[in-house]
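Subject: Structure for you to look at

Hello,

Here is the structure, with the sequence alongside. My notes on what was found in it follow below.

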Amino acid sequence: MDERSLRKLQALSNPHVEEQLLRFIKLCRPAKATVLDESKKDVEYVRKLALSTGEEKPLKLKGHTIHFDGPNDLARDTGSTKVLTPPGMRLSKGINTIGREEGLQEMMGLLDGTMAGKEMLVKFYSLGPPGRFSLCALQITDSAYVAHSEDLLYRQGYAQFKKLGGGGGFFTFLHSAGELDERKATKNVTKRRIYIDVVDGKVYSVNNQYAGNSVGLKKLALRLAIYKANYEDWLSEHMLLMGIHPPGKDRVTYFSGAYPSACGKTSTAMIPGQSIVGDDIAYLHVDETGSCRAVNIEQGIFGIIQDVNPVDDPLIYAALTSPRELIFSNILISEGVPYWLGMGRNDIPEKGVNFSGEWFKGKKDKDGVEIPYAHGNARYTMRLSELENVDPKYNDPEGVVVQGVFYGGRDSDTNVPIAEALSWEHGVYMGATLESETTTAIIGKTGVRRSDPMANKDFVVVPLSTYFTNHYRFGKRLTHMPKVYATNYFLKDEGKYTNMKVDKKVWVLWAEGRVNGEYKALKTPIGYLPLHRDLRNLFKAVFNKDYTKAEYEQQFSVRVDKYLEKIARMEEAFRAEPEMPGEFWEFLNWQKAELQALKAKTGKSVLTPDYFS
């Protein structure tokens with residue numbers, strides 16, 4: 001460690017930081033350890049280091065770089081991600097665990113000497129705008145790409161660490177990409193491990209570079225915050241925050257929203273005409289007025305780039321095709337120009353460089369499967385401040401008052417495009433029973449229906465019953481209750497989507513109008529449904545499009561049998577979960593009885609909205 005780094009470390013006057021850093025230097029044995037503060041000079045040092053090491057390469061447009069994770073490190077590895085559990089700690093079925101002592105022993109062995117010949121970067125961040133809702137995070141990594149990503153995604157926190165007064169109230173993330181190949185991608189991916197120590201507030205990650213596994217402050221910090229929040233009095237959620245601005249009206253209504261990966265979360269937060277506060281992770285608190293107040297813990301976007309095109313996502317597309325600081329990952333590069341799946345261009349080159357190395361049209365992998373020119377989980381990383389639709393409150397330490405909540409998954413045959421919960425308790429049930437058909441964002445088979453409570457299943461490090469109970473308790477503390485909505489942008493009929501991607505603008509504007517008392521609705525066992533006339537007027541006003549009664553019935557009919565099948569899946573999924581809150585079963589049993597009664601009365605498996613009018 002050079003004298004400059006030592007001075008920065010000593011200026012914190014924090015024995016907890018010093019002890020951890022000394023311990024991890026001895027363990028990982030880097031050639032050099034560099035402590036970085038929040039100065040422009042140090043932020044620029046990281047960006048230049050990522051280029052000089054070859055972890056990133058410059059592209060044609062100023063500020064654009066490309067990073068490749070390697071062909072076997074392209075998504076979150078849920079199988080290798082485990083919670084370290086001490087004796088007596090119970091987590092829900094489906095949450096990967098390993099005994100704490102066993103896991104620590106394995107991880108220390110993998111990290112032993114893993115930074116030899118490399119530079120250890122020590123970074124300090126604030127999870128959230130510095131203030132009463134923020135948390136401090138220490139990131140230690142040997143990857144300049146990881147540190148550069150975090151400089152784009154998170155607020156600098158060196159000054160916040162000084163305010164700790166020498167205390168240990170911070171999260172720690174230790175990451176090593178491990179041995180790299182000639183493309184600067186991780187070689188030993190079979191030894192990829194991501195272990196979360198909730199007891200000690202630390203995450204250890206080794207032999208990976210894909211940001212979902214390596215960028216500590218993202219989903220790894222989410223797990224630590226969920227553990228902390230669920231033993232305090234707030235919520236840490238996998239949620240967007242956005243301001244909805246109804247056309248012709250001088251108001252903004254803030255919504256949060258939870259969607260599993262590749263289910264429309266970022267594109268919802270980026271709907272034209274609306275403002276984005278954040279697209280991924282939020283901390284929610286009950287404020288002094290009894291309102292739900294939320295902050296985005298991030299200052300940037302790590303977004304899926306597939307299908308970002310000038311028609312469906314004009315604001316993101318414009319940002320990605322103009323000069324600014326951003327990182328592309330795992331797409332095709334040809335002559336310094338980026339190309340990704342679904343970008344709306346017909347002139348895709350037939351050769352270039354992608355996640356597989358040198359690529360040409362028709363190239364096949366070892367199993368004989370043709371390699372696409374870009375990966376389905378390819379990403380872009382950029383600051384929110386680069387976007388013209390960023391909300392003025394995105395950096396407000398007091399956050400925004402949330403008046404509505406969206407829960408949405410990828411569902412081809414059951415849920416309507418939007419339905420309003422009958423109560424907060426019903427809303428928690430909507431979130432708890434969220435399902436989604438899997439995509440390339442997670443390693444494994446795609447298209448499989450997967451239970452994903454609150455879009456948070458992979459990240460919940462407390463028993464699900466505890467997690468749900470705290471949502472019910474949170475609602476009881478609220479004086480001003482947000483309305484809750486289930487959304488589904490992926491409903492199909494005879495194999496074809498029943499709506500356009502851009503139609504989500506109408507669904508969210510309807511929800512915003514409901515929050516402000518402007519629309520009536522049909523009460524059904526699955527929630528309140530929009531009236532055809534209101535959607536027709538919205539489609540005309542927003543898109544100058546005729547929204548027919550046939551389209552309405554196709555999309556908003558209640559598929560009784562499909563909902564009963566879903567209820568059966570939920571009974572199976574949660575029957576063995578100890579100490580499930582009574583509110584959950586009360587609503588499930590009520591909804592099941594109501595739908596069974598409708599089936600018996602009508603003899604129909606599908607009921608049009610008019611039946612409930």
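Both tyrosine 485 and tryptophan 510 are buried, where buried means under 20% relative accessible area, exposed over 50%, and partly exposed in between (1.4 Å probe, protein chains only). This is a predicted model, in which local features need pLDDT of at least 70, side-chain atom pairs count only at pLDDT 80 or more, and totals for chains, interfaces and linings use all residues. Residues are numbered from 1 along each chain as its sequence is written, and side-chain values use heavy atoms, with hydrogens and water left out.

Aromatic pairs

There are 32 aromatic pairs in the structure. Rings of Phe, Tyr and Trp (its six-membered ring) pair if their centres lie within 6.5 Å; planes under 30 degrees apart count as stacked, over 60 as edge-to-face and the rest as tilted. The ring centres of tyrosine 429 and phenylalanine 584 are 5.3 Å apart with planes at 45 degrees, so this pair is tilted. It links distant parts of the chain, 155 residues apart: tyrosine 429 is in helix 11 (residues 424-432) and phenylalanine 584 in helix 17 (residues 582-602). Helices (H or I, at least four residues) and strands (E, at least two) are DSSP runs, numbered from the N terminus. Tyrosine 429 is buried at a relative accessible area of 4%, and phenylalanine 584 is buried at 1%.

Tyrosine 485 and tryptophan 510 also form an aromatic pair, edge-to-face, at 6.1 Å centre to centre and 80 degrees between the planes. Tyrosine 485 belongs to strand 29 (residues 483-487) and tryptophan 510 to helix 13 (residues 504-515), so the pair ties together parts 25 residues apart in sequence.

Ring pairs also join Tyr429, Tyr467, Phe468, Phe574, Phe584, Trp585, Phe587 and Trp590 into a cluster.

Charges over rings

The charged end of arginine 183 sits over the ring of phenylalanine 68, 4.7 Å from its centre (the test is NZ of Lys or CZ of Arg within 6 Å of the ring centre and within 35 degrees of the ring normal). Arginine 514 lies over the face of tyrosine 528, 5.4 Å from the ring centre.

Strand 29

Four of the five residues of strand 29 are buried, so the strand is largely enclosed by the rest of the structure. Strand 29 pairs with strand 25 (residues 400-408) in the parallel sense over five bridges; two strands pair if DSSP finds at least two bridges between them. Here tyrosine 407 stands opposite alanine 486. Strand 26 (residues 418-420) pairs with strand 29 in the antiparallel sense over three bridges, and isoleucine 418 stands opposite threonine 487.

On a 1 Å grid over the protein atoms alone, a cavity is a set of points where a 1.4 Å probe fits but cannot get out, and a pocket is an open set with protein on both sides within 12 Å along at least five of seven lines; lining residues have an atom within 4 Å of a point. The largest cavity is lined by 21 residues, of which Asn415, Met430, Ala486, Tyr563 and Lys566 lie nearest its centre. Strand 25, helix 11, strand 29 and helix 16 (560-574) each give two or more residues to that lining. The largest pocket is lined by 40 residues, with Ala262, Cys263, Gly264, Ile304 and Arg410 nearest its centre.

Regards
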